[in-house]
Amino acid sequence: MKQYIIRRAGYSLLSLFLLSLTIFLFVRVTGDPASLLVEPGASQDDIDNLRHQFGLDQPLWVQFWLFLRSFLTGDLGHSFYYRTPVLDLYFERLPNSLLLASVAMVLSLVIGIPSGVLAAVRVGGFWDNAGKVFTLLGLSLPSFFIGLVLILFFTVYLGWLPSSGSGTAAHVVMPAFTLGWYFAAAHMRLTRSSMLEVLGSEYVKLARLKGLPEALVIGKHAFKNALIPVITLAGINLVVMINVAVVVETVFAWPGIGRLLYEGITFRDFPIVQTVVVLGGSMIILVNLFVDILYAMIDPRIRLES
Amino acid sequence: MSKELLLSLENLSAHYVSQQGERVVRAVDGVTLGLGAGETLGIVGESGSGKSTLALTILRLLPPAARIVSGRMMFEGENLLDKSDTEMRRVRGKRIAMILQDPMASLNPLFSIGNQVGEPIRVHEGASRGSAWERAVGLLKSVRIASPETRVTQFPHEMSGGMRQRIVGAIGISCEPRLLIADEPTTSLDLTIQAQYLNLLRDLQREHGLALIFITHNLGIVAKMCDQLAVMYAGRVVEQGPVSRIFTAPAHPYTKALLGSIPRMTDNREQLTAIEGQPPDLASLPPGCAFAPRCPAAFDRCHAEEPPEFALGEGRTARCWLVAPDTGTAANTRTEANGPTIGSGVT
Amino acid sequence: MTIATRPIAVAPRSLFAFPRWLEGFPITPALILLLIAFVAVFADVLAPYDPQIGSLRLRYRPPAWQDGGSMAHLLGTDHVGRDVLSRLIFGARVSMVVGLTAVLFAGAVGTILGIVSGYLGGWVDQVIMRVSDAWLALPALTFAIFLAAIVGPSELNIIIILGLVYWTRYARVIRGEVLSLKQREFVRLAIVAGCPKRVIMWRHILPNVLNSAVVLGTLMLGVVIVTEAALSFLGVGVPPPKPAWGLMMADGKQGLMVGHWWLSVLPGICIMLMVLSANLLGDWLRVKLDPQLRQL
């Protein structure tokens with residue numbers, strides 16, 4: 001068991017390392033990273049100072065080491081625009097993104113799981129076909145399109161919901177729905193296939209052989225087992241949601257880290273961009289690690305086979 | 001004259017139909033069998049012979065692609081085919097129970113043993129959780145599981161294979177059914193445990209007055225456990241009758257081949273006789289007898305016409321032209337056997 | 001004497017009796033894609049106006065069927081008076097060009113790396129897989145935004161960026177295929193015959209993974225187009241004044257609040273149609289070309 005955790009953690013560490021290396025290299029690949037890392041309108045002195053600070057005149061591996069060290073000590077740069085450490089900005093906005101993602105996640109599960117179950121139980125029936133359409137739409141409709149259409153109906157035409165900002169429950173409805181839509185389709189799909197697999201299992205067969213009412217067979221025996229992979233995916237998706245919310249947060253002016261990223265690119269505030277990207281990727285790697293270990297603790301079979 | 005049969009299948013056929021209606025797989029074809037209370041019937045055949053499908057047919061749990069196209073299934077005097085879904089559900093687990101082959105897969109990994117063993121009692125007899133739990137402990141004891149009080153709270157992955165199969169057995173007898181169908185219950189068990197398990201089944205049968213249908217490909221088990229035997233090939237019953245008679249003098253070439261392929265200590269043969277060829281594709285059966293292509297004794301009529309079941313006396317039948325009365329190799333007496341026999345091949 | 005069987009009803013044959021291999025071909029999606037391609041190629045001829053020139057006098061004209069609209073501008077004008085229809089038509093070109101090229105680029109890189117990684121194994125495999133895992137941890141959009149912020153947006157840059165972001169999806173799948181292909185007889189024969197690795201990979205492995213690559217390509221096309229649109233929407237896609245559908249929608253947001261819906265909705269519909277068609281086509285291809293790929 002310990003072996004597995006160590007191996008798995010080492011793997012994640014490697015991924016984190018490669019991620020930061022990638023980001024580091026890409027920044028420097030443009031030729032003059034100073035142009036990115038320095039404020040627009042800085043003096044030559046400032047530029048030279050910066051060069052020295054980042055070791056841009058030094059060999060690449062020294063630079064990388066400085067880069068890593070600064071990250072590990074929590075120094076992720078200063079925002080030009082806000083003139084505060086980016087890390088502060090990040091953590092200030094993170095709760096908002098977390099809130100949005102949580103609501104969106106709940107929505108996606110409330111819509112996705114029951115429809116997936118229905119689609120699986122009546123394969124080929126109305127719900128299954130409706131579900132297929134829903135999945136297709138979920139994958140084909142860009143989130144900003146959904147968001148704009150929602151604003152058109154609920155703000156412009158009906159005047160029911162506010163189109164920007166945060167603060168009340170009404171503010172969260174449309175952004176959460178927009179963000180959750182794609183994931184609802186993804187969760188529905190997974191629930192359906194997981195449910196189908198479980199419905200074909202021997203213990204479900206035995207449950208029917210026992211003469212249990214169909215509702216009990218599906219609701220008790222099949223459902224709980226089918227839910228396992230869905231919950232796993234949902235856990236990981238929560239973090240993914242936080243990171244891909246950039247478009248939704250932009251459309252609805254929701255003050256989360258997605259919007260922070262948008263500000264970063266609009267104002268050419270590179271430290272913000274770099275930080276959001278690095279932290280976002282790291283978050284996902286860590287969540288994957290956490291879920292894998294959790295799984296290994298619950299299911300003894302996994303430990304054995306790896 | 002004939003004692004009241006517990007289960008009587010008459011000319012039962014179940015076919016799988018493909019979506020476009022082109023391919024028809026005759027998984028169970030014209031099966032006629034009978035079983036008395038407390039008796040043990042063994043059903044033997046290769047994989048794909050239709051024996052497992054037959055079991056599911058009796059319980060009417062065939063997948064949607066399959067349909068029962070003809071015949072009757074009489075259980076305790078009622079035709080199971082006439083029952084509604086709800087009525088059938090009440091039969092399953094309570095009056096007819098079934099044990100599946102793989103005990104690890106049969107038990108739901110997420111629920112405790114007590115929960116799963118007590119479940120049929122709660123559903124069929126309306127027992128409370130508490131009393132169902134107590135009954136579960138008792139059932140575990142009767143299938144000879146040590147320290148049942150602890151075991152009952154545990155989960156399937158904490159048990160050994162042999163224990164799991166006993167638990168599945170406990171689930172089977174939990175509501176005191178009249179008939180227990182066991183589909184290859186020992187195939188996934190270690191050899192050393194198999195004998196124990198079979199003894200357990202026999203004891204349970206005696207204690208509870210169960211009729212037992214044993215589906216297996218292992219003739220050794222049949223010899224030990226069963227009174228009657230039905231040999232299936234390509235969805236049809238090709239030979240049936242008392243075990244001892246069939247073993248001493250098999251009538252159908254397939255049965256002969258099966259018996260001949262078992263190595264015995266007293267054998268002084270040089271080679272084991274294997275059966276040549278492969279089991280047929282049930283969707284495109286050759287005309288005539290399904291076994292003819294592989295049969296060492298086949299002649300012209302076998303390839304042209306499907307043989308019906310012929311009564312051989314002493315409660316035996318065989319579906320083979322070799323024993324047809326006009327071929328003059330068997331007695332022509334009609335006995336009660338297992339209800340009305342299908343045609344007697346009168347020319 | 002055979003046992004009588006109750007006759008089983010046979011399903012009626014379909015009215016459109018296509019040849020077997022064309023069965024289930026999604027005609028509508030294919031036609032839509034062809035239409036968009038056609039429009040993209042002949043944009044110069046088809047568009048009634050120059051997409052980049054507008055007249056402020058004519059700003060925010062609604063589509064022809066609404067009050068205030070006219071046949072002169074079938075689908076209305078945008079906030080600086082440019083004709084929406086013309087911009088949509090030229091936007092099709094952008095989507096097509098960027099989408100197809102990026103998919104081909106990602107596909108080429110991903111397939112090659114997948115083959116190399118799967119066939120050679122060893123440390124090459126490890127390196128490629130670890131890198132692709134690390135890159136896969138970053139959501140595509142985030143990664144693309146990051147790269148766009150560094151190199152600055154231009155049509156070529158966007159294509160390269162999308163290629164860099166999406167090759168990893170190919171590599172994983174192709175590698176899996178190669179791993180199982182390696183076990184097949186004809187590959188083993190080639191090895192025994194002394195064929196050099198490079199030749200085996202090129203002549204034996206590559207043609208056999210092309211099926212998967214193509215299917216993956218059609219599925220990726222939709223994803224790439226949505227990502228490109230998202231990038232444009234956020235302002236880091238193909239730079240203005242070149243018309244990109246995502247960009248049009250971003251521009252349209254301001255007008256949305258006062259009811260000028262066509263700027264935001266019409267390009268969105270175009271995106272949706274294109275992506276839906278690509279996905280449906282990809283689904284059909286997946287089933288036809290290789291049932292093994294159903295798990296994709």
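This is a predicted model: local features need pLDDT of at least 70, side-chain atom pairs count only at pLDDT 80 or more; totals for chains, interfaces and linings use all residues.
Residues are numbered from 1 along each chain as its sequence is written, and chains are lettered from A and ligands numbered from 1 in the order in which they are written.

Chain B contains 12 helices and 12 strands, where helices (H or I, at least four residues) and strands (E, at least two) are DSSP runs numbered from the N terminus. Of the 347 residues in chain B, 47% are buried, a residue being buried if 20 or more other C-beta atoms lie within 10 Å of its own, exposed if 12 or fewer, and partly exposed in between, with C-beta atoms placed from the backbone. Among the contacts in chain B with a separation of 6 or more, 63% are accounted for by residues 24 or more positions apart; two residues are in contact if their C-beta atoms, placed from the backbone, lie within 7 Å. Chain C, by comparison, has 10 helices and 0 strands, and its elements run α-α-α-α-α-α-α-α-α-α from the N terminus on. Buried residues account for 49% of the 296 residues in chain C, and residues 24 or more positions apart for 71% of the chain C contacts with a separation of 6 or more.

Within chain B, the axes of helix α4 (residues 113-125) and helix α7 (residues 161-173) come within 7 Å and cross at roughly 25 degrees, the axes being lines fitted to C-alpha atoms, for helices over the stretch in contact, and the angles running from 0 to 180 degrees between N-to-C directions. The helices α4(B) and α7(B) are therefore roughly parallel to each other, given that angles under 35 degrees count as roughly parallel, over 145 as roughly antiparallel, 65 to 115 as roughly perpendicular and the rest as oblique. On the α4(B) side the contact is formed by Ile113(B), Gln116(B), Val117(B) and Pro120(B), and on the α7(B) side by Ile167(B), Ala170(B) and Ile171(B). By class, this contact of α4(B) with α7(B) comprises 6 nonpolar, 1 polar and no charged residues, where Ala, Val, Leu, Ile, Met, Phe, Trp, Tyr, Cys and Pro count as nonpolar, Asp, Glu, Lys and Arg as charged, and the others, Gly among them, as polar.

Helix α4 of chain B also holds Glu119(B), which counts as buried because it has 24 C-beta neighbours inside 10 Å. Apart from neighbours within four places in sequence, Glu119(B) is in contact with Lys210(A) and Leu212(A). Between the two chains, 15 residues of chain A are in contact with 22 residues of chain B. On the side of chain A that touches chain B, α9 (202-209) and α10 each supply at least two residues, and the largest share, 6 residues, comes from α9(A). The residues of that side divide into 6 nonpolar, 4 polar and 5 charged.

The contact between chain A and chain C takes 38 residues from each of the two chains. The side of chain A that touches chain C divides into 29 nonpolar, 9 polar and no charged residues.

Helix α8 (residues 197-234) of chain C has 38 residues, yet its end C-alpha atoms are only 45 Å apart, short of the 56 Å that a straight helix would reach at 1.5 Å a residue; the expected span is 1.5 Å times one less than the number of residues. A kink of about 45 degrees lies at Leu206(C) in α8(C), shortly before the proline Pro207(C), the bend at a residue being the angle between axes fitted to the seven residues ending there and the seven starting there. Gly235(C), which follows α8(C), has a positive phi near 95 degrees.

Most residues other than glycine have a negative phi. Ala234(B), in the loop between β9 (228-233) and β10 (236-242) of chain B, has a positive phi near 50 degrees and counts as buried, with 23 C-beta neighbours inside 10 Å.
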